[in-house]
Each structure stands twice: as C-alpha cells, then as structure tokens.
Amino acid sequence: MPKLVVITAGFNDRAFEITADKATIGRVDDNKFSIPEPSVSSHHCEVYSKGDDIVVKDLGSTNGSFVNESQLAPDKEVTLRPGQVLRLGQIELRYETGKRQDTTVARPAVKLGDAGGGQTVVMSKNSAFAKKNNNVNKIFLAVGAVLVIAIIVFLFIAFSGVSSPTQ
C-alpha cells in the first residue's frame, strides 16, 4: 500500500498509508495525518492514492508544499512518483510503495495530474527556508566601529589639550 514516510529527524518514526479516499495532512488533530510542527499549516495539503501514485494538492498553506524543492501551485493536484520527497513547511516525507524503485532519486520536475495536461508546476526553486542575506549586521558593526574610533579621537584630543596652569 502506498504511504508517506516522514524522514525529518524527530518525526521519522511516523508514516501514513494513503487510500483512494481524500485525506488531509496538517498540524491540527482533525486531519487524517497530523504532524504537530509549527511550520506545517493547520490543514496543509490533501492526498489520495491513484493506482501506484499519490496525488497531492496544497490547500493554500502558509509555508507551501514542495516536491523535490519545486513549489506546488495552491489548489493544483500534482502526482507524486515513488521515491519523491514531499516537503510541508520544514517536514519532509518520502513517497514509498514498498517496491524496490522507492529508493531511486526522483525526477526534479513535478508534473500536474490529469487536470493540468502535463504542465510543469514550478513556482520557485528556492527553498522557503533558505538563509536570507542580511547586510544589516555588517552595517551596524561598521557604524559602531566608526563611532568608537570617533569617541577615542575626541577623548585623546580633549585630554591632550589640557595643560597644567603656568605661574
């Protein structure tokens, strides 16, 4: 039976068997498969089995759903292939059928299911959780260094200009 196996550390003892009935995955307990992790939305995505494939539909989640780092368009159904990794927020799940090919590296392009006519659904190849380039710290340190040097120069001038009274 097809299943999604959580491969993220701390959650990797969890698996969810997928049936033909649509089921939701999300953070809250009323989902068929609950993943209590803050980066997963309350009702993150919907999944169901279609033969040996799993169909996934993002439900407008905050942090998005990704298949092999390609973001899924909200409300579009996408077919997972065995071995592909589905990321919900920071949680990664691998699609397994129990067959040997599950361990192969999956194709990077994500194809739409029947509704999409085989179009590629790539919104962004950048991870939603990639480290942001933040130059504010560098600017703050540079301004701080200039201020410290200015204060030292001011103190040096102030105390070197003081002379003892002459009689």
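These legends describe close-up views of one predicted model. Residues are numbered from 1 along each chain as its sequence is written, and side-chain values use heavy atoms, with hydrogens and water left out. In this predicted model, local features need pLDDT of at least 70 and side-chain atom pairs count only at pLDDT 80 or more, while totals for chains, interfaces and linings use all residues.

**View 1. The chain has 1 helix and 11 strands.** Helices (H or I, at least four residues) and strands (E, at least two) are DSSP runs, numbered from the N terminus. The pattern along the sequence is β-β-β-β-β-β-β-β-β-β-β-α. Of the 167 residues, 36% count as buried. Buried means under 20% relative accessible area, exposed over 50%, partly exposed in between (1.4 Å probe, protein chains only).

**View 2. Phe-16 and Phe-33 form the 1 aromatic pair of the structure.** Their ring centres are 5.0 Å apart and their planes at 5°, so the pair is stacked. Rings of Phe, Tyr and Trp (its six-membered ring) pair if their centres lie within 6.5 Å; planes under 30 degrees apart count as stacked, over 60 as edge-to-face and the rest as tilted. Phe-16 lies in strand S2 (residues 15-17) and Phe-33 in strand S4 (residues 33-34), so the pair ties together parts 17 residues apart in sequence. Phe-16 and Phe-33 are buried.

**View 3. The largest nonpolar core has 23 residues.** Such a core is a set of buried Ala, Val, Leu, Ile, Met, Phe, Trp, Tyr and Cys residues joined through side-chain atoms within 4.5 Å. Leu-4 and Val-47 have the most contacts inside this core. Strands giving two or more residues to the core include S1 (3-6) and S5 (45-50). S11 gives the most, with 3 residues. Beyond neighbours within four places in sequence, Val-47 is in contact (heavy atoms within 4.5 Å) with residues including Leu-4, Phe-16 and Ile-54.

**View 4. An open sheet of 5 strands runs in the order S4-S3-S5-S6-S9.** The pairing is mixed. Two strands pair if DSSP finds at least two bridges between them. S4 and S9 stand at the edges, each with a single partner strand, so one side of each has no neighbour in the sheet. S6 and S9 run antiparallel, joined by 4 bridges. Leu-80 in S9 is the bridge partner of Ile-54.

**View 5. Helix H1 (residues 136-160) is hardly covered.** The count of buried residues among its 25 residues is 0. At 1.5 Å a residue, H1 should span 36 Å; its end C-alpha atoms are 36 Å apart, which agrees. The expected span is 1.5 Å times one less than the number of residues.
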